[in-house]
Amino acid sequence: MNCTHQMRVKEGEGMGHKTRKDVIHTFHVNFFAMSLLETFPWDHEMFASEPLDVLYEALGEVMCAQEEDICYKTYLLPTGDAVSLAENVALISQGTTGLVTWEAALYLSEWALENTHIFKNKTVLELGSGIGLTGIVVCRSSSLTKYIFSDCHQTVLQRLKDNITNCLTNGDGNSASVCVEELDWENVSDEQLQRIQANTIIAADVVYDPDIIACLVRLLSRLLNYKVQEKHPDVYIASTVRNPQTYDCFKKELGRFHIIILLCC
């Protein structure tokens, strides 16, 4: 899946000789477009200092971006369709990472596009929807019955609702029911879970913090105990393994609740 970053930036004049500022700007554009690092146009003869120093400087500017700064990213789907989302510039804003799209959401979206049959006529619950890329892609591409976005951070929920309003309209041919749930993994009630009644549960990049793994797995165990149309729900989770110890902790916790991983790659 490709994505382009729509930025309000004045392009530099005279591209025959790139300055340090030009390269940093190019890094920003490629970073927010989630391009592979190896595709970045670094020129080792451009600077007296190591190019890595320029990379650190550019990355530092991204990490220290003002929390209120919002950009718009357009994700180009293999179908030729496009999804434009409002996202924060800073990776961490207002105490949450949920205001940007992370890599696992891209992979889960691509997988969903290749496996639309899994969602046919299903009620789908997404845990930790963030700003909504995966859910919007699933809703646009699959003939599902209902899609339930969920998160617990108030700012994330509001941004999620805005992106859903902008990207999922009555005119796009999608007849699925869509709703947003405030879902606190640790304090969710049995009544709320019974009301959700999901056939399929998905999540992207929810295995990153050891402090939340236990309550996540407890929630999964509870969801798996509810039968919908005499069947237990299926669960699909896409993860980026940043820390092997954290991922091992997740697998051990799944084992403690006798939840079997059928596919791990």
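Q: How many aromatic pairs does the structure hold?
A: This predicted model holds 4 aromatic pairs.

Q: Why is the pair of tryptophan 111 and phenylalanine 119 called edge-to-face?
A: Look at the angle of the planes. The planes of tryptophan 111 and phenylalanine 119 stand at 85°. Planes over 60 degrees apart count as edge-to-face. So the pair of tryptophan 111 and phenylalanine 119 is edge-to-face.

Q: What makes tryptophan 111 and phenylalanine 119 a pair?
A: Their ring centres are 6.1 Å apart. Rings pair if their centres lie within 6.5 Å. Therefore these two rings count as a pair.

Q: Why is tryptophan 111 called partly exposed?
A: Its relative accessible area is 26%. Buried means under 20%, exposed means over 50%, and partly exposed is in between. So tryptophan 111 is partly exposed.

Q: Is phenylalanine 119 buried or exposed, and how do you know that?
A: Phenylalanine 119 has a relative accessible area of 1%. The cut-off for buried is under 20%. So phenylalanine 119 is buried.

Q: Why is the pair of tyrosine 247 and phenylalanine 250 called tilted?
A: The ring centres of tyrosine 247 and phenylalanine 250 are 6.1 Å apart, and their planes are at 45°. Under 30 degrees counts as stacked, over 60 as edge-to-face, and the rest as tilted. So the pair of tyrosine 247 and phenylalanine 250 is tilted.

Q: Where do tyrosine 247 and phenylalanine 250 lie?
A: Both lie in helix 8, which covers residues 244-256. They are 3 residues apart, about one turn of the helix. An α-helix has 3.6 residues a turn, so residues three or four places apart point the same way.

Q: Why do tyrosine 247 and phenylalanine 250 count as buried?
A: Tyrosine 247 has 16% relative accessibility. Phenylalanine 250 has a relative accessible area of 4%. Buried means under 20%. So tyrosine 247 counts as buried, and so does phenylalanine 250.

Q: Which residues do ring pairs link into a cluster?
A: Trp111, Phe119 and Tyr236 are linked into a cluster by ring pairs.

Q: Where is threonine 246, and why does it count as buried?
A: Threonine 246 is in helix 8. Its relative accessibility is 9%. That value falls under the 20% cut-off, so threonine 246 counts as buried. Apart from residues up to four places away in sequence, threonine 246 touches Val207, Tyr208, Asp209, Pro210 and Ile213.

Q: Why is alanine 112 called buried?
A: Alanine 112 has a relative accessible area of 0%. Buried means under 20%. So alanine 112 is buried. Alanine 112 lies in helix 3, residues 103-114. Leaving aside neighbours within four places in sequence, alanine 112 is in contact with Phe119 and Val138.

Q: How many residues of helix 4 are buried, and which?
A: Helix 4 is mostly covered, with 7 of its 9 residues buried. These are Leu133, Thr134, Gly135, Ile136, Val137, Val138 and Cys139. The C-alpha atom of glycine 135 is separated by 9.5 Å from that of alanine 112. The two residues are 23 residues apart along the chain.

Q: Where is serine 150, and why is it called buried?
A: Serine 150 is found in strand 5, residues 146-151. Its relative accessible area is 0%. Buried means under 20%, so serine 150 is buried. Beyond its neighbours within four places in sequence, serine 150 has contacts that include Leu125, Gly128 and Leu183.

Q: Which residues line the largest cavity, and of what classes are they?
A: The lining consists of Leu193, Ile196, Gln197, Ala198, Leu223, Tyr226, Val228 and Pro233. By class there are 7 nonpolar, 1 polar and no charged residues. The volume of the largest cavity is about 50 Å³.

Q: What lines the second largest pocket?
A: The second largest pocket is lined by 32 residues. Nearest its centre lie Thr97, Gly98, Gly128, Asp151 and Tyr208. The lining has 14 nonpolar, 11 polar and 7 charged residues. Helix 4 and helix 7 each supply at least two residues of this lining.

Notes. Residues numbered from 1 in each chain as written. Predicted model: local features only at pLDDT ≥ 70, side-chain atom pairs only at ≥ 80, totals over all residues. Heavy atoms only, no water. Helix = DSSP H or I, 4+ residues; strand = E, 2+ residues; numbered from the N terminus. Buried < 20%, exposed > 50% of the residue type's maximum accessible area, 1.4 Å probe, protein only. Contact = heavy atoms within 4.5 Å. Phe/Tyr/Trp six-rings, centres within 6.5 Å; stacked < 30°, edge-to-face > 60°. 1 Å grid on protein atoms, 1.4 Å probe; cavity = no way out; pocket = protein on both sides within 12 Å on 5 of 7 lines; lining within 4 Å. Points joined across faces, edges and corners; volume = space filled by probe spheres on them. Nonpolar A, V, L, I, M, F, W, Y, C, P; charged D, E, K, R; others polar.
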